[in-house]
Amino acid sequence: MKALEGVKVLDFTHVQSGPTCTQLLAWFGADVIKVERPGVGDATRKQLVDVPGADSLYFTMLNHNKRSIELNSKNETGKEILTKLIETCDILVENFAPGALDRMGFSWERIQEINPRIIMASVKGFGPGKYEDCKVYENVAQCAGGAASTTGFRDGPPLVTGAQIGDSGTGLHLCLGIVTALYQREKSGRGQKVLAPMQDGVINLCRVKLRDQQRLEVGPLKEYSQFGEGVEFGDATPRAGNDSGGGQPGRILKCKGWETDPNAYTYFITQAAVWEKICDVIDEPEWKTKDGYATPGDRLDKLNEIFGRIEEWTMTKTKFEVMDICNPLNIPVGPILSTKEIIEDEGLRATGTIVDVDHPERGRYTTVGCPIKLSDSPVDVERSPLLGEHTVEILQQVLGYAGEDLERVIGSGAVGEPKRVAAE
Ligand code: CAO
């Protein structure tokens, strides 16, 4: 038994933000029916193709455990089928450009008329306001949500981060909204509309930077390296390089091999509670009591010197040796892991966070499994569907089409050519 067993999802999502959300719902046990344009499908199927003729990793890694139906929602028979899907499903998830569903003839009002219990969940770039009509991609959201202006080094341009906080981050927000609405429906009997704007999701993840914005109004941000370096603050939260976001100073430091390995680095936090142990490890025992070094406040204007000395030590060790020495002492450190190291990590494989999956067109590939672990709802990662792989199955089993009616629908051009599954 899976947590969301019996829940049916009409998955009208594409690219990354929406598919991340519906993939989680599928992993939690929902029956996720991905509706795709006949012959075309989700644009990511053919983006960044690495195996000619096969669905890309971009698509496969975001669409596990789903079923695919080809459906032209702008054709009359397509609309008939879509209406039946709305009648049958508990949740509709979409991340079309603003207004696209209305243009198809499926406004929220119409959807509620068809099924008052349905939860309609949408990702849009912006919430209501002057930008609500914009099409938005990951990096636009990172920029508009405060992440870019606060990422990078003070003397460099704003930076976007590799973590897809705009797309996958918003997918997570949407997913929480959906299960919350589902829970409320248990009591109210009514569906509702769930909206997760990408800008808002990024702002939520940048909460501590908005905290700092308001602290800045009453004085300099003393834990930022900039303060110790005597550089004046402007009127907005600055980029803080690799400074830690909390009250304990932290930096990324070189480790043994950094000259040739771009990831031979460690994060190192000079947490106040373990200052004495840090002094012992780096062989500066007098710093424990020395004037100007003994208390966190005193150290703020000497962070460059202190981290410079710690780095002299970390450069004599590999990032894993730093971890092995510091961990037992409760000194917070973290190796900078490359994507290669993560994919090869036995521990992550053992927990199902990194998994290998077989695919009939592309063979075996590695993917990220479910990052959320439920003790009573285990996740089995199943390959993504081929385009229209389940069209006939869904028409028959979910919507009850049979005989001449099924022939009519298939012959209408609304559902593409019925597919045969490639031999597995
Ligand atoms: N049958 C018929 N038509 C279909 C269809 C189907 N099964 N599926 C989609 N379409 C149509 C849509 O109705 C739309 O038609 P109109 O323009 O006539 O309304 C058209 O396909 C294009 O849809 P779109 O505008 O959503 O797609 P796009 O590639 O132009 O834009 C994106 C992509 C992501 C910028 C846009 O969808 C968007 O802003 N989404 C919301 C924000 C978001 O999720 N962004 C993150 C994406 S991940 O980086």
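In S9, which residue is the bridge partner of Phe 268?

Mentor: Val 333 is the bridge partner of Phe 268 in S9. First, some ground rules. This is a predicted model, where local features need pLDDT of at least 70 and side-chain atom pairs count only at pLDDT 80 or more, while totals for chains, interfaces and linings use all residues. Residues are numbered from 1 along each chain as its sequence is written, and side-chain values use heavy atoms, with hydrogens and water left out.

Now the sheet. Strand S8 (residues 265-269) and S9 pair in the antiparallel sense over 3 bridges; pairing requires at least two DSSP bridges between two strands. Helix H14 (residues 319-326) packs on the sheet and touches S8 and S9. Its direction makes about 155° with that of S9. Contact means heavy atoms within 4.5 Å. Angles run from 0 to 180 degrees between N-to-C directions, with axes fitted to C-alpha atoms, for helices over the stretch in contact. Helices (H or I, at least four residues) and strands (E, at least two) are DSSP runs numbered from the N terminus.

The whole sheet is open and has 3 strands, in the order S7-S8-S9, with antiparallel pairing. Its edge strands are S7 (250-254) and S9 (333-335), and each pairs on one side only. Neighbouring strands here are turned by 20° against each other on average, direction ignored. Another helix, H13 (residues 303-314), lies across S7 and S8 and runs at about 40° to S7.

Where does this sit in the chain? The domain assignment, which is automatic or comes from a database, gives domain 1 (8-204 + 344-412) and domain 2 (249-331). The C-alpha centres of domain 1 and domain 2 lie 43 Å apart. The C-alpha trace of the chain spans about 90 × 45 × 40 Å along its principal axes. In all, the chain has 18 helices and 11 strands. Of its 424 residues, 46% count as buried. Buried is under 20% relative accessible area, exposed over 50%, and partly exposed in between (1.4 Å probe, protein chains only). Among contacts with a separation of 6 or more, 66% come from residues 24 or more positions apart.

There is another open sheet to compare. It has 6 strands in the order S3-S2-S1-S4-S5-S6, with parallel pairing. Strand S3 (66-70) and S6 stand at the edges with a single partner strand each, so one side of each has no neighbour in the sheet. Its neighbouring strands are turned by 20° against each other on average, direction ignored. Strand S1 (residues 8-12) and strand S2 (residues 31-36) pair in the parallel sense over 4 bridges. Asp 11 stands opposite Lys 34 in S2. Helix H3 (residues 76-88) packs on this sheet, touching S1, S2, S3 and S4, and its direction makes about 140° with that of S1. H8 packs on the sheet too, touching S5 and S6, at about 65° to the direction of S6.

Next, the nonpolar cores. A core is a set of buried Ala, Val, Leu, Ile, Met, Phe, Trp, Tyr and Cys residues joined through side-chain atoms within 4.5 Å. The largest has 32 residues, and Val 9, Leu 25, Ile 91, Val 93, Leu 174 and Ile 178 have the most contacts inside it. Among the elements giving two or more residues to this core are helix H1 (17-27), strand S4 (91-94) and helix H7 (168-188). A second, separate core of 31 residues includes Phe 12, Ile 69, Leu 71 and Ile 114.

H1 deserves a note. Of its 11 residues, 11 are buried, so the rest of the structure largely encloses H1. Just after H1, Gly 29 takes a positive phi of about 110°.

Leu 174 is in contact with Cys 21 and Val 93, among others, leaving aside neighbours within four places in sequence. The closest cysteine sulfur to that of Cys 21 is in Cys 175, at 4.5 Å, too far for a bond. Cys 134 is partly exposed, at 32%. Its sulfur is 14 Å from the closest cysteine sulfur, in Cys 143, again too far for a bond. The whole structure holds 0 disulfides, a disulfide being a pair of cysteine sulfur atoms within 2.5 Å.

Last, a hairpin. It joins S10 to S11 through 3 residues. Strand S10 (residues 354-359) and strand S11 (residues 363-368) pair in the antiparallel sense over 6 bridges. There, the bridge partner of Ile 354 is Val 368 in S11.
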